[in-house]
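Here are a few notes to read alongside the model. Take them one at a time and keep the picture open.

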Amino acid sequence: MAFFLETLFGGLMAGMLYSLVALGFVLIFKASGVFNFAQGAMVLVAALAMARFSEWFPMWFGFENMFLANLLAFAAATVFMFLLAWLIERLVLRHLVNQEGVTLLMATLGITYFIDGFGQTIFGSDIYKIDVGMPKEPIFVLDSIFEGGVLVNQEDVVAAVIAALLVAALSLFFQKTATGRALRAVADDHQAAQSIGIPLNRIWVIVWCVAGITALVAGIIWGSKLGVQFSLTTVALRALPVIILGGLTSVPGAIIGGLIIGVGEKLSEVYLGPLVGGGIEIWFAYMLALVFLLFRPQGLFGEKIIDRV
Amino acid sequence: MKIRHLALAASVAVAGLASALVPAVAQAQAKEQFFPVLVYRTGAYAPNGVPWANGFVDYIKLTNARGGINGVKISFEECETGYATDRGVECYERLKGKNGGATMFQPLSTGITFALTEKAPADKIPLITSGYGRSESQDGGVFKWNFPIAGTYWVAGDIIVQDIAKKEGGMDKLKGKHIALVYHDSPFGKEAIPIMQERAAMLGYKLTLLPVTHPGVEQKSTWLQIRRDRPDYVVNWGWGVMNSTLVKEAQATGYPREKIYGVWWAGAEPDVKDIGEGAKGYNAITMQHGAEPNAAFVKEILAKVHDKGQGTGPKDEVGSVLYVRGAMSAMFAVEGVRRAQERFGKGKVMTGEQVRWGLENLDLTQAKLDSLGFKGVMRPVSTSCQDHMGANWGRIHTWDGKKWNFTSDWYQADEQIIKPMVKAAADKYAAEKKINRRTPQDCQS
Amino acid sequence: MFYRENGQFKTSYRADQQIFPITQDRIAILAIVAFAAVGVPLLVDEYLYRAILIPFLILSLAALGVNILVGYCGQISLGSGAFMAVGAYMAYNTYIRVDGMPLIVALLSGGFFATLVGMVFGIPSLRVKGLYLAVATLAAQFFCDWAFLRVGWFTNNNASGSVSVSDLTVLGWTINTPMDKYLFCLGFLVVFGLLAKNLVRSAIGREWMAIRDMDVAAAVIGIRPMYAKLSAFAVSSFIVGVAGALWGFIHLGSWEPAAFSIDRSFQLLFMVIIGGMGSIMGSFFGAGFIVVLPIFLNQVLPAVGELFGVTISTATVSHAEYMVFGSLIVWFLIVEPHGLAKLWSVGKQKLRLWPFPH
């Protein structure tokens, strides 16, 4: 029983981490209808920026304080992601207005390749460290009920809390601020939004910036856990079942989808995996999402796709 | 699109096609021995591939600085494979005929090795796969062109089990113990399974197989299972990012790092450097050498290559584990050429076939190794027609939070166990490919 | 002036419905095929065969298959790598396990099994559309990745999971030189190209295009969506499976599941998009572009660097390749979203008027 709880917790935590990445996808799709395959690369390049700046700033400016270095690095990485977002909107999106979904998808794939190469050229391909002071040792809870206690990964708990805060902040942003309302208007109908005077281009830059910050937070958390290296881009592939399960246009969907996928993955790998030799969690997540899709083809919380003949 | 754009696009396309089709200008004459260098400096395995590549190239530069191989200088060209088999094959095709012909190939990837094992015999170019590749390619009677010099995966697995047994107090104490093998889900990782299973059958320990999908950043479920099963030891058969992730997950689940053993591709600085103290106690087997900052050849490289501004890569990397492995791999190639020259003409450029003979008749005595600067780093290596490996020694080193230290004596893999496995696997390969074992006359040629 | 159909009169329906109605087109195609079969072997060296021509032929076959599914039927599929893997491994098993199995039958059987798998993973398309379907097909990709690593039967219980084939013969003709391999692949490509071109001009092809354009309306006028979509998956997977078998047998010789990973799926999708969706010609253009580009960049970038006196490390060249590749994809999509095939047809239109301006 204790072990089942451990697996459950582990799954929930992993799921929160996936939803962090999925949030970026959902944000961009909601506001501009673009399925941003480059989100994984954005997470990587944001994490690389953070890791390298936190290494370089103490060297360049000659101070020792880790906290200050991290703060400055965060600021610098944010500026970097904003610049990237602006460039993407300027050079790519503006010219691809009104193209089909597949074309935009491929364009974001092209951006992925570009960001991969560019990020590694500037920042390097080694494994880099992000040290934001996350606790590394595990803690054991509930050891009065279960002998030995249930192992809880502290870093994951902190990550889950940060993810929850981020979602809360984003929800507030979308509901309460004027820009948030404008974003939702654009997500509903581009032409209608334009006709009432909302500047589409600026909105897209804002959306990609917000997605960039989400990517940065996700990158810092994943990078702190695993070290920052090229293979972080594969995390995006783990987040895709989350999106299609939760619905491409729903922020709460990303969270709930993440939790379901996380738990499903871990439970399947630990309990079903040994029966078939192990390694099943990746495709199990996709199969799980697929099963949900057969009942709700637009995801759990996604907008119903209405076809007009 | 306007006509102008169309014309421009067409001319660019034609230019591009033309440049890809025009063969590269042939080099003057083949007065230099050409070493192709297949590396991966990008991708998920780059952190480990880069120091190996730097060591390899630096040793080539050192050899040239020492005067070449009896006066013959080495020319080299790097080709990026990204650990992908098809890119490795493309690099092979591009470089095999260049500059007078490639001397040998060292793919640094088990996947690429499998693909090239089919092609190299037809092109008559030997493959050196020190410490990786097919474990059965040790059998030179079937694998005429493969040379896993100084170690194969089965040697590594066997020595790890020997050290675990020693820790437990003897081989008989392993009965009833539980060892988990966490392996990279690829031909490289799976090579560990036969030897670990063979030893489990012999010694009576329980073996659990836990595959980790490439690239290996997602190991939470693996470690949940380890938490549940609580094996006495964990053997890490990973490469690249999988290694540091493994040690981090071990730390996050509180598994004692002293009980983890890595294969020699999972025991280097990139794997544990950024974890630091958290990885203290992590053991790994070494392919004879470890981190050797004080070796003679390292000092020579620093003096003759790096101080002259010719160094590949940063100076503080020189002497690290994978750097030394790269240099050692280059050394085997150089010595193979030198040995070939002893038979086919000193001071002349050797063909692939001649180098193959040289690699098959390597006799690196301790004196010779010491003169090359490998004193205290390596034991003698001596290959033959039937044994393309030449040496089966290893040691265990442990991370103390800052560097690797040797924590065991020299072990030798148990040939009684490995030789029959190798022969059986080689025979199976020969039957599949319908090739016959080499005759004694062929061995003499 | 030359590319006109003046004076070409059709006197029967059969002649009118021919596959290349304009005589110049017919002559051009025959000339190209003849040049490919006879001229190319006289001109090229081994490296060109191995590195460019054979991959180009096999990948254009695969792109053809993917184009049928994505371009003609509108079902975005990211699982093509998996279908190639199924084709390769099942062809391997048929070849190894059945004594005396002819090579071509083995390759086609690989395609057959890929069809079955494709139809199974195509079932979600009956319920799910668009980007959701794209991600759902990734399930096929990852499942097959896992299956070929885990299930020993597929790899003949090889300890390492890597398989290899050798001694390929067809009716006494041994295929071992690069030229043999090239001609063998060319034969497959010509036959399948012809089949595909005729399929998309037929009733089933029109059904696919109707589903692509507006599937609800197509259902309203009586096209059965299940039949159309699953047949698209079936035909596409067959072609992709045969291409996968060729890739493993002829090009690689020895392979492991990582050869058919998700990167391969993306690469095929790139070929289709760049080449032009819904166009047979486009598959060839796209495949050519994607095959030649990395090699071209690999040769050109160090040369350009040397022109400026800068030695570029292989890592930087590799990164630069990625950057240029990505930018070129984006540039192409901006400049011509309908792909190279559209450029080609625009070119042909201009050729009809040449040398007159209008």
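Which residues of S1(B) sit on one side and which on the other, and are they buried or exposed?

1. First, the ground rules. This is a predicted model, where local features need pLDDT of at least 70, side-chain atom pairs count only at pLDDT 80 or more, and totals for chains, interfaces and linings use all residues. Residues are numbered from 1 along each chain as its sequence is written, while chains are lettered from A and ligands numbered from 1 in the order in which they are written.

2. Now that strand. Gln33(B), Phe35(B), Val37(B) and Val39(B) lie on one side of S1(B), with Phe34(B), Pro36(B) and Leu38(B) on the other, and all are buried (20 or more other C-beta atoms within 10 Å of a residue's own, C-beta atoms being placed from the backbone). Strands here are DSSP E runs of at least two residues, and helices are H or I runs of at least four, numbered from the N terminus.

3. S1(B) runs parallel to S2 (residues 74-80) of chain B, over 7 bridges (pairing takes at least two DSSP bridges). Look for Pro36(B): its bridge partner in S2(B) is Glu77(B).

4. Over to the contact between chains C and A: chain C puts in 38 residues and chain A 41 (contact means C-beta atoms, placed from the backbone, within 7 Å). On chain C's side, H13(C) gives the most, with 13 residues.

5. Finally, find Ala46(A). Leaving out residues up to four places away in sequence, Ala46(A) touches Ala77(A), Met81(A), Gly212(A), Ala215(A), Leu216(A) and Gly219(A).

Note on methods. A residue is buried if 20 or more other C-beta atoms lie within 10 Å of its own, exposed if 12 or fewer, and partly exposed in between; C-beta atoms are placed from the backbone. Two residues are in contact if their C-beta atoms, placed from the backbone, lie within 7 Å.
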